[in-house]
Number of protein chains: 2
Amino acid sequence: MKPFFRNYFPIITWGATYNSKILVNDLVVALVVTIMLIPQSLAYAQLAGLPAEIGLYASMAPLIIYAIFGTSRSLAVGPVAVVSLMTAAAISPLAGQGTPEYLTAAIGLALISGLMLLILGILKLGFLSNFLSHPVISGFITASGIQIATSQLSPLLGIPAHGETFLETAIALAQNADKINFYTASIGILSFIFLFWVRGNLASLLKRFGMSVRLAGIFAKVGPVLAIIVSISVVAGFGLDKNGVRIVGSIPQGLPQLVIPQFDSTLWLSLLVPALLISVVGYVESISVAHTLASKKRLRIDPDQELIALGAANVGAAVTGGFPVTGGFARSIVNFEAGAETPAAGAFTAIGIALATLFLTPLLFYLPNATLAATIMVAVLSLVDLKAIKHTYDYSPADAAAMGATIFLTLIQGVEAGLIGGVLLSLFLHLYRTSKPHVAVVGQVSGTEHFRNVKRYSVVTDPSIVSLRVDESFYFPNARFLENQVNQAVAANPEMKHFIFQCSSVNTIDASALESLEAINQRLKDSGVIFHLSEVKGPIMDRLQKSHFVDSLTGKIHLTHYDAVYSINPELARQTLNAVRK
Amino acid sequence: MKPFFRNYFPIITWGATYNSKILVNDLVVALVVTIMLIPQSLAYAQLAGLPAEIGLYASMAPLIIYAIFGTSRSLAVGPVAVVSLMTAAAISPLAGQGTPEYLTAAIGLALISGLMLLILGILKLGFLSNFLSHPVISGFITASGIQIATSQLSPLLGIPAHGETFLETAIALAQNADKINFYTASIGILSFIFLFWVRGNLASLLKRFGMSVRLAGIFAKVGPVLAIIVSISVVAGFGLDKNGVRIVGSIPQGLPQLVIPQFDSTLWLSLLVPALLISVVGYVESISVAHTLASKKRLRIDPDQELIALGAANVGAAVTGGFPVTGGFARSIVNFEAGAETPAAGAFTAIGIALATLFLTPLLFYLPNATLAATIMVAVLSLVDLKAIKHTYDYSPADAAAMGATIFLTLIQGVEAGLIGGVLLSLFLHLYRTSKPHVAVVGQVSGTEHFRNVKRYSVVTDPSIVSLRVDESFYFPNARFLENQVNQAVAANPEMKHFIFQCSSVNTIDASALESLEAINQRLKDSGVIFHLSEVKGPIMDRLQKSHFVDSLTGKIHLTHYDAVYSINPELARQTLNAVRK
């Protein structure tokens, strides 16, 4: 088998050792995940503003496709909360909820996002997702959780309220608070309390009744099914749908039809930026889960192949009338804990959903939207992590600023502004930091060949030699800063005859910095000072040799800083080396 | 005197020691620079599409203001080629040349640019100019030189042609080539040849006649005055202006009036981006010249105060009806070579220009635009440095790509697209580079405590210990790369029991990388591997102590890498240390 096929079709690798024991195991896992996924599919379709069946459609083809292309053995793909929110945010400005145009836009979004992921994967550009720094993604998920929870208050309480951002939704809720529906609110609040209790306490209760820890955990995750059964019974039994309780209604029975998305340049252009953001956020969420679960079994994830797998899954979602999907956190944990051995478990889950779509949908007719809203709210509350701001601030105020800005912008301006603003701010703060790096004047530690910061250590210096250590790569944001440091040193040290840059922390010297080093060399020459470098790393030396700088340098490039000082003032250097350390 | 005043008014420092000897010296310098500046002022006004007198106005108030606030003793402020081109590019889309709106926009541009520089200076944000990397600024200046030279072919040859970019101008010139004016072209081409000869040969000729090197150099710089006198005589004597030779015409005699710029939100908003770019480019050009000249006398330039000085100079230009100015390269060199002792020389130059405006303008009536065009073309040809692409490519292909993109975009799309595109590309390439840093598996060099790359050196390793050195700061663009490196190492080394990151090249660890280190710690723990760090720098240790990472770390943070390996396998470490080096 050629490596090409093995790389692009991981199914070949694990498929070769598949046997009946693994099959039985995977089938049991699929049953558990199917039960968990049915309410989630309906709920996330509601969150995205789409009909319930679209959630089910998005939980079939993508799972089978991921099983073919994915490198994670535990990842469970499908609709997830944050991506559903981003979908609603992207297409709401383009079409009204419930219109065919809205569905077309959702399908287009899945297609474009899928194609983008495929292209990134084929070109091996997965590193682009790194520009979403951890504080930005963490802030974004917290803000999304708040916004999702707020938006679900409307179906949960039966208050008509719609807004594109948290702020708009909160205002609409406050304005229409008097239109609350008593029956809806009762179902919603009771469901919420029950689900909240299940989440926190059911597992330990089951354990007390003698169930194994793992099994108890899995049961607790499928608990929402109970809430759904009870609330369907109550609504149907009392005919509450006639009292203003909104229900899911009739879901078309049957498998999704093949959809050939129509190319619409205006629509696609306006979806480009949201599709890119959905791709990156979805990928980051998915790859983190996949890495975490894989390392528990010492398995490897291929980040570029994961792009291809998620891309293909989204294209699959689009051509079967679904909306954007990615690997979900909670669902993948269940998949892993239940003991999924191979990605085939995901494919069997898809078959489970297909069977549910064929035979169970009539039973869901009386399912109240309020119960789905409660499901979503309980799920997203775990996303909100405001303490992270404090933790991040303690470690790095700059990172906390990026996180805070992301949360603020997401809540006030929406998901796109939040993400883009956060990324730009974290880039800017990084460049700002490296543009003014830590600089130490160094001197020789008595009794050693080591050179240390004169401010932190008692060291020996020669007034005719100024040694500077810059703790950063030399590159364009700090190139002129370096020039300025040298200019200051020249003006401040009239006795200086030699200037040495200790380059032990310098990982690169770009063309701007090279130009600055040349300018420094020339200016030091004009001032009658000889310019040296020390401890330049191998790869940098290789490149410097190709430039004219080495030839024009008034001094030399020394292997160690001690060598440099010794070559200028051997007596003092040796004397200090032989002295007793203070 | 409070340091506040000394810092913001450098004139206090040098003014205190001013005496009659310096005065005489500065007056002589001012005379030389005035003679050089008169044709330049007229030419750069023409390049900016403005009436000739605006060039003279921009050469008065700004010079006096710079003398008060500037920290360079040699910088000569006034209209310069690149900034004049950028001015034309910024305001041409907003108003037709020759209209009052065009002049209003130019004045507004000087004002906004001046205010921006002032704000940047007061907030000490001069580092922002560093984001213009050297390859980008060098490429931009080359492309500007080409574009300016092309645009001046129209007045030089008397071909009516106007375009916003190099491409448009070149096409217009080709289309209208048949409309060439014989008299104009003769004057233009002869002036160009003469000026080109003066530039290259006059100095050496004068030296051969016994003139001192310095004096000959200065005379060569003021040579253009001769071309101007001759061409005025020819046009006036033969009445060539009646044969289609375009002349400067009547320049209003008298000093500029005080202008209170009107606030116009639409106009100002559309000038914001061009004003920022003009500010940054002008500042970078000016500060480079100032640094170069200052170091020759071991003097210091204060980069933040220079922002204030240039900002005030531009506000001064605006309120006296001028257009954006900055420190010019050629003119400052002449100022320096002629022996300018203090910024007062600049103030005296302003007086010289004022006298010229009062008394000499009638003499300039018959000055042909073609001669001014020749002046500009000869001046800008020295800006074009295509060889720099090759040099940069040899040193760093990534930097050469940024330079090439800047040149290409500037020529095809204009100055703004070129600068912004170049900056974005250089940022992206930097992030790309640091997102995939150099990583070395290291082992112990026999007979030493040193650890080196196993691929480059013959070293001793223990299969249960994997040591990785990453030559880059740990931060968000490479955080997941680090995780991936560790995941690969885990999958590839089944015998691994200990994993060590040697952090000697790590200058920072941001919150994203901290999160990744925590994930790595957890995943290694899940795989039964103990995680260590070595050679972590002081400032990073200070911050790590504030996080939970140090407590949860399965291994330890060791001072040296030898300590780390010794703590795990003391026998092998000591044995290798005592072995004879291979």
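**Figure 1. Salt bridges and polar contacts where chain B meets chain A.** Across the interface of chain B and chain A in this predicted model, the rule finds 0 salt bridges. Polar contacts are another matter: 22 residue pairs make them between chain B and chain A, with both partners at pLDDT 80 or more. On the side of chain B that touches chain A, at least two residues each come from helix H8 (134-157), helix H13 (265-295), helix H18 (387-395), helix H20 (415-435), helix H21 (476-492), helix H22 (511-526) and helix H23 (538-545) of chain B.

**Figure 2. The extent of the interface.** Interface size is often expressed as the accessible area lost when the parts come together. Here, about 6300 Å² is buried between chain B and chain A, and carbon and sulfur atoms give 54% of that area. Chain A brings 76 residues to the contact, and chain B brings 74 residues.

**Figure 3. Arginines over tyrosine rings.** One view takes us across the two chains: B:Arg543 lies over the face of A:Tyr395, at 4.8 Å from the ring centre. Another stays in chain A, where A:Arg452 sits over the face of A:Tyr457, with 6.0 Å to the ring centre.

**Figure 4. An aromatic pair in chain B.** Searching the whole structure turns up 28 aromatic pairs over all chains. Take B:Phe499 and B:Phe501: their ring centres are 5.1 Å apart and their planes meet at 85°, so this pair is edge-to-face. Both B:Phe499 and B:Phe501 are buried.

**Figure 5. A phenylalanine cluster in chain A.** Have a look at A:Phe474, A:Phe499, A:Phe501, A:Phe531 and A:Phe549, which ring pairs join into a cluster.

Terms used: Residues numbered from 1 in each chain as written. Chains lettered and ligands numbered in written order. Predicted model: local features only at pLDDT ≥ 70, side-chain atom pairs only at ≥ 80, totals over all residues. Heavy atoms only, no water. Phe/Tyr/Trp six-rings, centres within 6.5 Å; stacked < 30°, edge-to-face > 60°. Buried < 20%, exposed > 50% of the residue type's maximum accessible area, 1.4 Å probe, protein only. Lys NZ or Arg CZ within 6 Å of the ring centre and 35° of its normal. Contact = heavy atoms within 4.5 Å. Buried area = accessible area lost by both parts, 1.4 Å probe. Salt bridge = Lys/Arg side-chain N within 4 Å of Asp/Glu carboxyl O. Polar contact = N/O pair within 3.5 Å; in protein donor to acceptor, adjacent residues only side chain to side chain. Helix = DSSP H or I, 4+ residues; strand = E, 2+ residues; numbered from the N terminus.
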